[in-house]
Amino acid sequence: MVLYFSATGNTRFLATELAKKLDDECIDLLDRIKKNDLSEICSERPFIICTPVYVCEMPRFLSKYLRNVKLSGSRKVYFIADSAGYGGITGYLAKKLFRRKKMEFMGYSEVVMPRNYFISHYPPQTNDEIKSRLIRACRQLCEIAETVKKSEKLRARYVFMFEKLITIPFNPVWSKYKMSAKEFFADSKCVSCGKCAKVCPLNNISITDSKPIWGNSCTHCMACIGNCPTGAIEYGTVTREKGRYNFKDYKHLISGNTASSGINNSSAVQSARRRKNG
Ligand SMILES: Cc1cc2nc3c(=O)[nH]c(=O)nc-3n(C[C@H](O)[C@H](O)[C@H](O)COP(=O)(O)O)c2cc1C
Ligand code: SF4
Ligand code: SF4
């Protein structure tokens, strides 16, 4: 059984594709996380957990959820983390978490996907970069599926001690001081649909007087801004310059025969602007 959380669609794509290849069930954990629904999840086949990487580890709300939810049936668990290039100590921490749950850790894979954290200092990615990442990820998914089918362990890179020494103390400080929702706002394009509130894993958004209001608990997952159907949400002035990311806007780059999908060199920003302007 594949279980996943995804803010802007990358992990959803990987999880659902993997489930299709394995002819297995796939569950989006968002609603369970939002409701803190810890009811038992049972699978006779190995669990496969798919997650994005946030600041070198899995999202903390997800690790909290996985620590507490009862996973019954199979005792085997695979772990897949997708990042924009550096998975940090995600696999190491996942291994510890599942060992504490007395599960057999069947290994970990890091998949590089397009960067969804568009408010970071990195320049926007071009469509070509996004396409090549997606193609590589699709190939890797096939290898992962084959490994799981054979009940073999996934192999990941070695995590060095210095990575643990840097990430473990750094992460809470970064999260506390850098991940604030203060800069989010919705402009006149907001149609009060409530989607931003619905997709927020931390229930940090309420719709008041037909407009979203952001609270103080935010993990910068980018679900609200990345899923607004009208492009109404901005983050300070950064998003006006850099656009925003959602996997569905790039899925066409790998649909059917990728060699004939008609890619051009326009940047993700231009693509985001086109979407924004309807
Ligand atoms: C808050 C936040 C922190 C992130 N930290 C990292 C990171 O440490 N390393 C990295 O390579 N990518 C990082 N990313 C990028 C995401 O892991 C990556 O784009 C992922 O595929 C997004 O998955 P999703 O679309 O399923 O939400 C971060 C993204 C966010 C939103
Ligand atoms: S998702 Fe966008 S349009 Fe819908 S309520 Fe939120 S800001 Fe408004
Ligand atoms: S408010 Fe923060 S935690 Fe909630 S969806 Fe938006 S970025 Fe994610």
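Residues are numbered from 1 along each chain as its sequence is written, while chains are lettered from A and ligands numbered from 1 in the order in which they are written. Because the model is predicted, local features need pLDDT of at least 70 and side-chain atom pairs count only at pLDDT 80 or more, whereas totals for chains, interfaces and linings use all residues; side-chain values use heavy atoms, leaving out hydrogens and water.

**The sheet**

- An open sheet is formed by 5 strands in the order E2-E1-E4-E6-E7, with parallel pairing; two strands pair if DSSP finds at least two bridges between them.
- Its edge strands are E2 (26–28) and E7 (104–112), each pairing on one side only.
- From one strand to the next, the twist averages 20° (axes are lines fitted to C-alpha atoms, for helices over the stretch in contact, and angles run from 0 to 180 degrees between N-to-C directions).
- Helices (H or I, at least four residues) and strands (E, at least two) are DSSP runs, numbered from the N terminus.

**Strand pairs**

- E1 (residues 2–4) and E4 are parallel and share 3 bridges, with Val2 opposite Ile48.
- E4 also pairs in the parallel sense with E6 (residues 76–83), over 6 bridges.
- E6 and E7 run parallel, joined by 7 bridges, and Ala81 stands opposite Glu110 in E7.

**Inside E4**

- In strand E4 (residues 47–52), 6 of the 6 residues are buried, so the strand is largely enclosed by the rest of the structure; buried means under 20% relative accessible area, exposed over 50%, and partly exposed in between (1.4 Å probe, protein chains only).
- Phe47, Ile49 and Thr51 cover one side, and Ile48, Cys50 and Pro52 the other, all of them buried.

**Ser6**

- Ser6 sits in the loop between E1 and helix H1 (10–22) and is buried, at a relative accessible area of 7%.
- Its side chain reaches the backbone nitrogen of Gly9 at 2.9 Å, and a polar atom of that side chain lies 3.3 Å from the backbone nitrogen of Arg12.

**Around ligand 2**

- The shell around ligand 2 includes Cys190, Cys193, Cys196 and Cys228; a residue is near a molecule or strand if one of its heavy atoms lies within 4 Å of it.
- By class, this shell has 8 nonpolar, 3 polar and 1 charged residues (Ala, Val, Leu, Ile, Met, Phe, Trp, Tyr, Cys and Pro count as nonpolar, Asp, Glu, Lys and Arg as charged, and the others, Gly among them, as polar).

Key:
Polar contact = N/O pair within 3.5 Å; in protein donor to acceptor, adjacent residues only side chain to side chain.
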